[in-house]
Amino acid sequence: MLATPAIIFVAIGLLAPLALMLRNSLNHYDPTELMMSAVTAENYLKFFSDSFYQGVLWRTVWISGLSTAICLAAGVPVAYFLARHVGDLAKRMLMIVILVPLLIGNAVRTSAWMLILNDKGVLAAFLGLFGHKGQLGLMYSSAGVVIGLISVLLPFMIITLNSVFESIDRNLEDAGESLGASHLTIMRRIVLPLALPGILSGSVLCFILSMNAYATPVLIGGPTFHMMAPTVYQQIAKVMNWPFGAALAFILMAVTLILTVGVSVLVQRKYRKWSE
C-alpha cells in the first residue's frame, strides 16, 4: 500500500509516454499528412531492410562498447588508488576535481573539446611545439567522438568503482600478501572478483549513457557522423516522421536492454562460479 503512490506516479510519468510512443511507431507516415493512424510494422521493416540505419545502430554499439571498455581500464586504477592510498581529506578534494566536469552541461563541455581537438585547436598548437605540422583528424571522426564520450563517462565509472573498492576488506589483501602473492595476483584473484558486481554496475551505466548520447556525436562527430540518438531526433524534429522516429527509439531501447541484460547474466554466472 505504501508503494502504490510511487507505482502510479511511475506508471503515469514513464510507462504512459512509452505506450504512446509505441502506438506512434505503429502508425503510417505520409509526407503530406505526416502521421496517419494505422497499425502497421512498416517502420520496423524499414529499419531492418535499410543497411544505412543498421550501420548507424552498429556504429552506436561499437563506439559505446569501446568507450565503456576504455573508461573501465582507466577507472579501475584511479578508483583503487583513491580507495587504498589516499587520505580522507585528499580523497575528498580529488573527488571534487573528478566531479567538476559533471557540473557543466554536455553541450558546453563538448564545445570545449571541439576547441581542443580541431586541427587548429589547443592540442594541435601543443603538438606543434614538438614539430608536428600535419592535421590531427580528430574532429568529425570516431576517435574524436570516443574521446568526448570518455570525458563524460569516466567520472561515473570512477565514482562507482571507488565505493566498491572501499567496501572490500583490506585484510583480504594483506592475507594474500602474507602468503607470498604478488600485487598483480592479489588484484586478479581477490580484488577484481570481489569488485565484479560494481564493475558490472559502472560498465552498464556508462554503456547506457553512451548508447543514448546526443551532444557529443552531433558536435564532435559532425553532420555526416550518425549515431542512434541524433538520428531519432532528426527523424522526429526535422523530417517530422514521428512513426519511424518512435520505431528507431524503441529499437535503440531494445538493443540496449538486450545487450545490458545479456552481459549482466554472463557476468553474474561467472561471479557465482568464483564465489563457489
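User: Which residue forms a salt bridge with Arg84, and how far apart are the closest N and O atoms?
Analyst: Glu173 forms the salt bridge with Arg84, and the closest N and O atoms are 2.7 Å apart. Keep in mind that this is a predicted model.

User: Where do Arg84 and Glu173 lie?
Analyst: Arg84 lies in helix α3, and Glu173 lies in helix α8, residues 170–178.

User: Is Arg84 buried or exposed?
Analyst: Buried. Its relative accessibility is 11%, and the cut-off for buried is under 20%.

User: And what about Glu173, buried or exposed?
Analyst: Glu173 counts as buried too, because its relative accessibility is 7%.

User: How many salt bridges does the structure hold?
Analyst: Two. Besides the Arg84 and Glu173 pair, the side chains of Lys91 and Glu166 meet in a salt bridge, at 2.5 Å from N to O.

User: Which helices do Lys91 and Glu166 lie in?
Analyst: Lys91 lies in helix α4, residues 88–99, and Glu166 lies in helix α7. These residues are 75 apart in sequence, so this pair also ties together separate parts.

User: What is the accessibility of Lys91?
Analyst: Lys91 has a relative accessible area of 12%, so it is buried. Glu166 counts as partly exposed, at 39% relative accessibility.

User: Switching to packing. How do α3 and α7 cross?
Analyst: Their axes come within 6 Å and cross at roughly 40°. Helix α3 covers residues 51–85, and helix α7 covers residues 142–167. The two helices are therefore oblique to each other.

User: What hand does the crossing have?
Analyst: α3 passes α7 in a right-handed crossing. By class, the contact has 23 nonpolar residues, five polar and two charged.

User: Now the whole chain. How many helices and strands are there?
Analyst: The chain has twelve helices and two strands. Along the sequence, the pattern is α-β-β-α-α-α-α-α-α-α-α-α-α-α.

User: What box do the C-alpha atoms fill?
Analyst: Roughly 75 × 65 × 35 Å, taken along the principal axes. Of the 276 residues in the chain, 37% are buried.

User: Which residues does UniProt list for "transmembrane region"?
Analyst: The unreviewed UniProt entry lists residues 61–82, 94–117, 137–161, 190–215 and 244–267.

User: What does the model give for residues 61–82?
Analyst: That span is 100% helix and 0% strand. Its end C-alpha atoms lie 31 Å apart.

User: And residues 190–215?
Analyst: There the span is 88% helix and 0% strand, with the end C-alpha atoms 39 Å apart.

User: Which residues of α11 are buried?
Analyst: Helix α11 covers residues 228–238, and its buried residues are Met228, Ala229, Pro230, Thr231, Val232 and Gln235.

User: What about Met240, after α11?
Analyst: Met240 follows α11 and has a positive phi, near 65°.

User: Last one. Where is Asn24 found?
Analyst: Asn24 is in helix α1, residues 4–25. Asn24 counts as buried, because its relative accessibility is 13%.

User: How far is Asn24 from Trp62?
Analyst: They are 29 Å apart in space, C-alpha to C-alpha, and 38 residues apart in sequence.

Conventions: Residues are numbered from 1 along each chain as its sequence is written. This is a predicted model: local features need pLDDT of at least 70, side-chain atom pairs count only at pLDDT 80 or more; totals for chains, interfaces and linings use all residues. Side-chain values use heavy atoms; hydrogens and water are left out. Axes are lines fitted to C-alpha atoms, for helices over the stretch in contact, and angles run from 0 to 180 degrees between N-to-C directions. Helices (H or I, at least four residues) and strands (E, at least two) are DSSP runs, numbered from the N terminus. Angles under 35 degrees count as roughly parallel, over 145 as roughly antiparallel, 65 to 115 as roughly perpendicular and the rest as oblique. A crossing is left-handed if the near helix is turned anticlockwise from the far one by less than a right angle, and right-handed if clockwise. Ala, Val, Leu, Ile, Met, Phe, Trp, Tyr, Cys and Pro count as nonpolar, Asp, Glu, Lys and Arg as charged, and the others, Gly among them, as polar. A salt bridge is a side-chain nitrogen of Lys or Arg within 4 Å of a carboxyl oxygen of Asp or Glu. Buried means under 20% relative accessible area, exposed over 50%, partly exposed in between (1.4 Å probe, protein chains only). UniProt positions are given in the numbering used here, feature names are shortened, and annotations may be inferred rather than shown by experiment.
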